[in-house]
Amino acid sequence: VYGPSTTRFLEMMRDLPKAFPLCQYVWVDLERCIQCGRCVRFTEEISGDSQLAFRFRGALMQPSTYQLTDFESKFSGNVIEICPVGALTSAKYRFRARPWDIETKPSVCLECSNGCNVWFDHRAGKFVRINGRTNESVNEEWTCDKGKFGHDWYNDPHRATKVLARKNGALAVAGWSDAYSAILSSFQKGSVAALVGPMVSNEGLFGLKTLLKEASPRCDIDFRWNKDSADFSGKVSNTIASLETSPSILVFGDLASESPIVYLRVRKAWFKNGAKVVVVHSAPTDADTFADVVVRYEPGKSAEVARDIASLIAGGGDTASTGVSRETLERAKCALTNPIIVSTHAILDQPGGRDAIATLSQAPNFNCYATGANTQGAIELNINQGRTTAEILHAAANGEIKTLWLVR
């Protein structure tokens, strides 16, 4: 034993509530907090929601939300990683493992198409946690809550970990050859179709397409889950990192919910470099808080307002009836100088969304990000053939399609 056996600290130590929940994801041990303010600065400077602040003064000072409401930031998990003393901890990971007990591997988040670089921690064959991995070209060191806390399905007790095939009315462990034989035999019975999820890799997509062509050349296959996505191909003209150096940015949609890391770059462009930001959407969004101009149009008029914006950017003056005042459009025109336009495939779910994207895509700096992790890969591999997803589901419900293969 080294050092004195007793402490010279005679004062009463702080005795504060432990594991105090800031929200469903973040808990705080107030005894550990050194009042450094990094968590507060993150919410003010990076995420921009300014939900955390210091309450009280002196030894009782502590980070908290205003009026003790839940910490509802879409990026709350980042304060866990930037806390230097472990006062802010993850409700999902807290005391589940020690750092030396876990294995850490570099990975990429699958919750959206931003491709955030992350560290994947696992222990004894179980997923433990996700931490941000620095990549200045994509997510810097940040993650959204959807990516940081949305991977619990890895440990779902009902998740299939072995190949199962139905024999005598019950599922039994089988090999891949048995499973594929059962699938292909079903494909010989009437019309067939396949629906593909957004998390399938390029190799998996190519293998599936090749298999289906050989098994059933007339098979319908689609990966597009948006309402109006027929013959749609995404276009991305700029890198994520280049957004922060753009003098003006047009955001068409709810970027914080649909493409969170791109949202952080747009906010950084405004906060650090003074970029002019124009937000166009039919409902309030997080980006409204720092936008120079907010263009709020009537629901269902996305195609018309997109034509108005495109006309103003090109120097025209004709506008349609969208519920947007001429003054607002003029202010938007003044703010937009050779802008980068940012949108997502979620616009396709709105009436007229496809026409809106078609209009905006004529601009040289148009970026329409996919909402699924590898939707862009499926687009470039031209996976779809035959009917769309909506048509396939309708045909299956009516009994026109006898076999439907769901590939996640």
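Helices (H or I, at least four residues) and strands (E, at least two) are DSSP runs, numbered from the N terminus. The model is predicted: local features need pLDDT of at least 70, side-chain atom pairs count only at pLDDT 80 or more, and totals for chains, interfaces and linings use all residues. Residues are numbered from 1 along each chain as its sequence is written, and side-chain values use heavy atoms, with hydrogens and water left out.

**Figure 1. The whole chain.** The chain holds 12 helices and 18 strands. Its C-alpha trace spans about 85 × 70 × 30 Å along the principal axes. Of the 408 residues, 46% are buried (under 20% relative accessible area; exposed is over 50%, partly exposed in between; 1.4 Å probe, protein chains only). Contact means heavy atoms within 4.5 Å. Among contacts between residues at least 6 apart in sequence, 65% join residues at least 24 apart.

**Figure 2. The largest pocket.** A pocket is an open set of points on a 1 Å grid over the protein atoms alone, where a 1.4 Å probe fits, with protein on both sides within 12 Å along at least five of seven lines; lining residues have an atom within 4 Å of a point. The volume of the largest pocket is about 890 Å³, taken as the space filled by probe spheres set on the points, which are joined across faces, edges and corners. Its lining has 26 residues, with Trp176, Trp405, Leu406, Val407 and Arg408 nearest the centre. Helix 4 (176–186), helix 5 (202–215) and strand 18 (403–407) each supply at least two lining residues. Helix 4 gives the most, six. By class, the lining has 18 nonpolar, five polar and three charged residues. Here Ala, Val, Leu, Ile, Met, Phe, Trp, Tyr, Cys and Pro count as nonpolar, Asp, Glu, Lys and Arg as charged, and the others, Gly among them, as polar.

**Figure 3. The second largest pocket.** This pocket holds about 520 Å³ of space. It is lined by 24 residues; Ile80, Thr89, Ser90, Tyr93 and Arg129 are the closest to its centre. Two or more lining residues come from each of helix 2 (78–82), strand 5 (88–90), strand 8 (126–132) and helix 3 (145–149). Strand 8 has the largest share, five residues. The lining has 11 nonpolar, four polar and nine charged residues.

**Figure 4. Lysine 148 in helix 3.** Lysine 148 lies in helix 3 and is buried, with a relative accessible area of 6%. A polar atom of its side chain lies 2.7 Å from the backbone oxygen of isoleucine 130. The lysine 148 side chain also makes a polar contact with the side chain of asparagine 131, at 3.0 Å. A polar contact is a pair of N or O atoms within 3.5 Å; within protein, one must be able to donate a hydrogen and the other to accept it, and residues adjacent in sequence count only if both atoms are side-chain atoms. Beyond four places in sequence, lysine 148 touches Gly77, Glu81, Ile130, Asn131 and Thr143.

**Figure 5. Threonine 389 in helix 12.** Threonine 389 is found in helix 12 (residues 389–397). Its relative accessible area is 5%, so it is buried. The side chain reaches the backbone oxygen of arginine 224 at 2.6 Å. Leaving out residues up to four places away in sequence, threonine 389 touches Leu195, Asp222, Phe223, Arg224 and Trp225.
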